[in-house]
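Please look over the structure below.

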Amino acid sequence: IDQEIDSKLYSGVYELQNSMTLSEIAKKLTTKPEFITILIPEGLTIAEIDARLAKKNIFTAGEFERCVLKTCNFSSVDFISDFTTLEKRQYLEGYFFPATYKMKESELTPELFAIKMLRTFEMRANSLNILNGKNNKTLHEIVTMASIIEKESSTHSGEESSMISGVLWNRIEKGIPL
């Protein structure tokens, strides 16, 4: 193996098999990775996600945001069917799930990444049983409240978030403006 291999390594996520030889592993690690890892932290707006993706050279500036708000085809994502018209796409804020994503770089497009984020949201919402409404609240009401709590909470701890949630839902139920 080449003594200068350190200077030729690419950081990234690789799929290796137990059957691979040392030479095959070295070749794989000195070739641009097949997969790219994308971290999207909590609390980002669509515009902030777009800026993060551009800063990491994943997409050009404005590409993700333009796709989400104007050009992406979300017809395969049933739970957001109310927000797929151009006039209502701005209300998709909060549905793009924050997580660390691993995608094949060769298949990475703004639309596929947006759909992956929405599918992750859908999976998490299903696990919490909130897609069809919980406690007589619509999914959009729950997402809107979660977004408000995210912005209002200073610690993002469960206890503080629960307290803020209780106060806000009580105000809404009593007809007190937020």
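Arg119 and Glu122 join their side chains in a salt bridge (2.9 Å, N to O). The term means a side-chain nitrogen of Lys or Arg within 4 Å of a carboxyl oxygen of Asp or Glu. Both residues sit in helix 4, 3 residues apart, about one turn of the helix. Helices here are DSSP runs (H or I, at least four residues), numbered from the N terminus.

Arg119 is partly exposed, at 32% relative accessible area. Glu122 is buried, at 18%. Buried means under 20% relative accessible area, exposed over 50%, and partly exposed in between (1.4 Å probe, protein chains only).

## A salt bridge across the sequence

The whole structure holds 2 salt bridges. Lys137 and Glu173 form one of them (3.7 Å, N to O). Lys137 lies in the loop between helix 4 and helix 5 (139-152), and Glu173 in helix 6 (residues 158-173), so the pair ties together parts 36 residues apart in sequence. Lys137 is buried, at 16% relative accessible area. Glu173 is exposed, at 58%.

Helix 3 (residues 63-71) buries Phe64, Cys67 and Val68. They span an arc of only 90° around the axis, so they lie on the same side of helix 3. The arc is taken from the directions from the helix axis to the C-beta atoms.

The buried residues of helix 3 pack against helix 2 (46-55) and helix 4 (110-127), with contact meaning heavy atoms within 4.5 Å. Exposed Lys70 and Thr71 are on the face turned away from the buried side.

## Basis

This is a predicted model: local features need pLDDT of at least 70, side-chain atom pairs count only at pLDDT 80 or more, and totals for chains, interfaces and linings use all residues. Residues are numbered from 1 along each chain as its sequence is written, and side-chain values use heavy atoms, leaving out hydrogens and water.

Notes
Helices (H or I, at least four residues) and strands (E, at least two) are DSSP runs, numbered from the N terminus.
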